Amino acid sequence: MDWRSEEALDARIVAYADEELRREFNFDEPPIRLSVIRIADDLHQLVWTKHHILLDGWGDAILISDWLR
């Protein structure tokens with residue numbers, strides 16, 4: 001999504017993330033959703049929503065650590 005021209009960008013991102021958290025998972029599809037929002041020419045926001053059945057808090061930390069490496 002390209003939101004470079006959006007106003008009140010921080011509030012819009014928070015509202016989008018809240019909406020994603022309320023959205024139910026359909027287990028006929030993978031229980032993970034990734035959204036990449038372009039907020040500037042060289043800046044993006046990642047919204048990662050997953051069902052807790054995939055990873056717990058420990059697994060999240062390991063996965064994110066690996067991504068950042």
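The chat below covers confidence, aromatic pairs, charges over rings and a surface patch.

Me: What is the mean pLDDT of the protein chain?
Reply: This is a predicted model, where local features need pLDDT of at least 70, side-chain atom pairs count only at pLDDT 80 or more, and totals for chains, interfaces and linings use all residues. Residues are numbered from 1 along each chain as its sequence is written, and side-chain values use heavy atoms, with hydrogens and water left out. The mean is 90, and 100% of the residues reach 70 or more; pLDDT is the predictor's confidence in each residue, from 0 to 100.

Me: Which element has the lowest mean?
Reply: H2, at 87, while E1 has the highest, 94. Helices (H or I, at least four residues) and strands (E, at least two) are DSSP runs, numbered from the N terminus.

Me: How many aromatic pairs?
Reply: The structure holds 2. Trp3 and Tyr16 form an edge-to-face one, 5.7 Å centre to centre with 90° between the planes. Rings of Phe, Tyr and Trp (its six-membered ring) pair if their centres lie within 6.5 Å; planes under 30 degrees apart count as stacked, over 60 as edge-to-face and the rest as tilted.

Me: What does that pair tie together?
Reply: Trp3 is in the segment before helix H1 (9–22) and Tyr16 is in helix H1, so the pair links parts 13 residues apart in sequence. Both Trp3 and Tyr16 are buried, meaning under 20% relative accessible area; exposed is over 50%, partly exposed in between (1.4 Å probe, protein chains only).

Me: And where do Trp48 and Trp67 lie?
Reply: Trp48 lies in strand E2 (residues 43–50) and Trp67 in helix H2, so their pair joins parts 19 residues apart in sequence. The pair is tilted, 5.1 Å centre to centre and 55° between the planes. Trp48 counts as partly exposed at 23% relative accessibility, and Trp67 counts as partly exposed at 47%.

Me: New topic. Which charged end sits over the ring of Trp3?
Reply: That of Arg12, 4.0 Å from the ring centre. The charged end of Arg33 sits over the ring of Phe25, 4.3 Å from its centre. The test is NZ of Lys or CZ of Arg within 6 Å of the ring centre and within 35 degrees of the ring normal.

Me: Last one: which elements give two or more residues to the nonpolar patch?
Reply: The patch covers about 1000 Å², and its residues include Phe27, Leu46 and Trp67. Strand E1 (32–40) and helix H2 (57–68) are the elements that give two or more.

Technical notes:
Patches are made of residues with over 30% relative accessible area and no salt bridge: like charges are joined within 9 Å, nonpolar side chains (Val, Leu, Ile, Met, Phe, Trp, Tyr) within 5 Å. Accessible areas come from the Shrake-Rupley method with a 1.4 Å probe; for residues, only the protein chains shown count as cover. A salt bridge is a side-chain nitrogen of Lys or Arg within 4 Å of a carboxyl oxygen of Asp or Glu.
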